[in-house]
Amino acid sequence: MNIANTLTRTRTHRLLFAACALTLSFAVGAAQPAKKDAIVLDQAWARATPPGAPVAGGFVTIRNTAKRADRLLSATSPDAKLVEIHEMNMDNGVMRMRRLDDGLPIAPKGTLELKPGGYHLMFIGPKHPFVQGETITATLRFEHAGTREVRFEVRAMGSAAPKH
Ligand SMILES: [Cu+2]
């Protein structure tokens, strides 16, 4: 796979960006149960990383059961220096990623899916390799629902090339 050629420059520096894209290039897996309340978090998982990886991708499905909109504002994790909310999409065959400083809205009764190739949490500066089978913890902060702790099940790095 020749991701380097398809990447464009962003504010994020290139190495970080490339590694980030790599962690997100593989296909998805199954489910994991969640919490209650106005915000329901489901299918939280993170991608395993090789030692020294600068970033790791985290994915979760967020359901807003309330009648008013909410917003995912930010996230933190004891397992990484920093967690950012990112968007990734394909633009004319070019993979682009950007940090969403204003977070992500979740419609009333709506569902927001963070998944490979789309919105995701970017664990920046993992404090240890994310090892398959382990659990990574993060706290998500919502505008109305407050904070929620989520456990991300670490899944295999995968070995397939991106399908695009
Ligand atoms: Cu990212």
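Does His-120 count as buried or exposed?

Modeller: His-120 counts as buried, because its relative accessibility is 0%; buried means under 20% relative accessible area, exposed over 50%, and partly exposed in between, with a 1.4 Å probe and protein chains only. Before we go on, this is a predicted model, in which local features need pLDDT of at least 70, side-chain atom pairs count only at pLDDT 80 or more, and totals for chains, interfaces and linings use all residues. Residues are numbered from 1 along each chain as its sequence is written, and side-chain values use heavy atoms, with hydrogens and water left out.

Back to our residue. His-120 sits in strand E8, which covers residues 120-126. A polar atom of the His-120 side chain lies 2.9 Å from the backbone oxygen of Gly-118. That is a polar contact: N or O atoms within 3.5 Å, within protein one able to donate a hydrogen and the other to accept it, with residues adjacent in sequence counting only if both atoms are side-chain atoms.

Now step back to the whole chain. The chain has two helices and ten strands, and along the sequence they follow the pattern α-α-β-β-β-β-β-β-β-β-β-β. These are DSSP runs numbered from the N terminus: helices are H or I of at least four residues, strands E of at least two. Of the 164 residues in the chain, 45% are buried. The accessible surface of the chain comes to about 8,500 Å², with 52% of that belonging to carbon and sulfur atoms; such areas come from the Shrake-Rupley method with a 1.4 Å probe, and for residues only the protein chains shown count as cover. Among the contacts in the chain with a separation of 6 or more, 67% are between residues 24 or more positions apart, where contact means heavy atoms within 4.5 Å.

E9 (residues 135-142) pairs with strand E3 (residues 70-76) in the antiparallel sense over four bridges, and two strands pair if DSSP finds at least two bridges between them. In this pairing, Arg-141 of E9 is the bridge partner of Ser-74. E9 also pairs with strand E10 (residues 146-155), again antiparallel, over eight bridges. There, Glu-153 in E10 is the bridge partner of Thr-135. A hairpin of three residues joins E9 to E10.

The loops have something to show too. Pro-78 is in the loop between E3 and strand E4 (80-91), and Pro-78 is exposed, with a relative accessible area of 57%. Leaving aside neighbours within four places in sequence, Pro-78 is in contact with Lys-127 and Thr-137. The C-alpha atoms of Pro-78 and Ile-136 are 8.4 Å apart, although 58 residues separate the two in sequence.

Most residues other than glycine have a negative phi. Asn-92, however, has a positive phi of about 55 degrees; Asn-92 is in the loop between E4 and strand E5 (94-99) and is exposed at 79% relative accessible area. Lys-109 has a positive phi of about 60 degrees. Lys-109 lies in the loop between strand E6 (104-106) and strand E7 (111-113), and counts as exposed at 55% relative accessibility.

Let's finish with charged pairs. The whole structure holds five salt bridges, each a side-chain nitrogen of Lys or Arg within 4 Å of a carboxyl oxygen of Asp or Glu. One of them joins Glu-84 to Arg-99, with the closest N and O atoms 3.5 Å apart. Glu-84 lies in E4 and Arg-99 in E5, so the pair ties together parts that are 15 residues apart in sequence. Glu-84 is buried at 13% relative accessible area, whereas Arg-99 is partly exposed at 32%.

Another salt bridge links Glu-87 and Arg-98, whose closest N and O atoms are 2.9 Å apart. With Glu-87 in E4 and Arg-98 in E5, this pair ties together parts that are eleven residues apart in sequence. Glu-87 is buried at 15% relative accessible area, while Arg-98 is partly exposed at 48%.

Arg-96 forms a salt bridge with Asp-91, again with closest N and O atoms 2.9 Å apart. Through shared partners, salt bridges also join Glu-84, Arg-99 and Asp-101 into one network.
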